[in-house]
Every structure is written in C-alpha cells, then in structure tokens.
Amino acid sequence: MQYLHTMIRVTNLEDSLHFYCDLLGLVKTSQYDSEKGRFSLVFLAAPEDEALAKKRSAPLLELTYNWDPQEDYTTGRAFGHLAFRVDDLYGLCDKLQSSGVTINRPPRDGHMAFVKSPDNISIELLQKGDSLDPAEPWASMQNTGTW
C-alpha cells in the first residue's frame, strides 16, 4: 500500500495556487482539466518531494476546482489540518503575514504555527530541526480565530 494524496476542494483556483505555491512554496507537478466534467485537478508537492512526486512516489496535495460548484464547501470536525515542515518558520510566517494571511496560532515557541488557506483549511507549519529561539513579534502575539 502507498499513500497517494489528500484532496481538498477549492473555490478559486488562482487564489489557492497563489497561497499554496507562491506563499507556502509548494510546486505544481501536474494539472488535468476536464472540459466535459467541468473541473480541474491540480497536484502539488513539497519542493523536497518534487522529483519523487513526478514519479508518483511521494504524497501529493490535490486541489479540486469545480468550475460550476453546486454547494458551499465546509470542513467538518473530523478533518483537522495539513502539516508542512519548513526551513524558516519565522521567515515564512513573516512572508504570509506581509501578504495578508492571518497567523491564527503564532509561532511563539519557535516550533509551530497555524494559518488558513483561502478556503479555510487549517495549515500547520512546523520548524525543521530544533525550535527557533523565541522572538518578537511572535513571542507575545495572541491567537486569532480558530485553527
């Protein structure tokens, strides 16, 4: 058995690709557009997994965009979050915040933060290696919303 991907539905493909690729740093490995089915599937990988992902040997994030959605997408309590290990937690949180993304759970401990995607999917960001030393503005920043 091999874990292949996690699929999430998105309401705006352009906004989602900006968030996941431009801001978080994921890499688009493939895209399939179905004119007949009126949907697009976009597969993303973490940069360290890109080579393996192209050989279908690494787990992927699948963004499903229905061109004519018939419902509002909500997340239930059964789904928790996506998690990514990052090289520089403070740098990424600064980049996200500077781009208008709310840091819901700031990285006060230098180890973990939470943000949300444009479609309200919780994203956990974990510092690679040892935790960073506590630093401002993160150390005294309060939680915002839910994650």
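Visitor: When do two strands pair, and which residue in β8 is the bridge partner of alanine 113?
Guide: Two strands pair if DSSP finds at least two bridges between them. In this predicted model, β7 (residues 112-116) and β8 run antiparallel, joined by 5 bridges. Alanine 113 has its bridge partner in β8: leucine 125.

Visitor: Which residue in the turn of the β7 and β8 hairpin has a positive phi?
Guide: The hairpin leaves 5 residues between β7 and β8. One in the turn has a positive phi of about 70°. That residue is asparagine 120.

Visitor: In which sense do β5 and β8 pair, and which residue stands opposite leucine 126?
Guide: β5 and β8 share 5 bridges, and the sense is parallel. Leucine 126 lies in β8. Opposite leucine 126 stands arginine 85.

Visitor: Why is strand β8 largely enclosed by the rest of the structure?
Guide: Buried means under 20% relative accessible area. Strand β8 spans residues 122-127, and it is largely enclosed because the buried count among its 6 residues is 5.

Visitor: Which element gives the largest share of the lining of the largest pocket?
Guide: The largest pocket has a volume of about 690 Å³. β3 (39-45), β4 (60-66) and β5 (82-86) each give two or more residues to its lining. The largest share is 5 residues, and it comes from β5.

Visitor: How many residues of that pocket's lining are nonpolar?
Guide: The lining has 25 residues, with Phe84 and Arg85 among those nearest the centre. Domain 1 (5-66) and domain 2 (82-140) each supply at least three. By class, 6 are charged, 2 polar and 17 nonpolar.

Key: Residues are numbered from 1 along each chain as its sequence is written. This is a predicted model: local features need pLDDT of at least 70, side-chain atom pairs count only at pLDDT 80 or more; totals for chains, interfaces and linings use all residues. Side-chain values use heavy atoms; hydrogens and water are left out. On a 1 Å grid over the protein atoms alone, a cavity is a set of points where a 1.4 Å probe fits but cannot get out, and a pocket is an open set with protein on both sides within 12 Å along at least five of seven lines; lining residues have an atom within 4 Å of a point. Grid points are joined across faces, edges and corners, and a volume is the space filled by probe spheres set on the points. Helices (H or I, at least four residues) and strands (E, at least two) are DSSP runs, numbered from the N terminus. Ala, Val, Leu, Ile, Met, Phe, Trp, Tyr, Cys and Pro count as nonpolar, Asp, Glu, Lys and Arg as charged, and the others, Gly among them, as polar. Domain bounds come from an automatic or database domain assignment. Buried means under 20% relative accessible area, exposed over 50%, partly exposed in between (1.4 Å probe, protein chains only).
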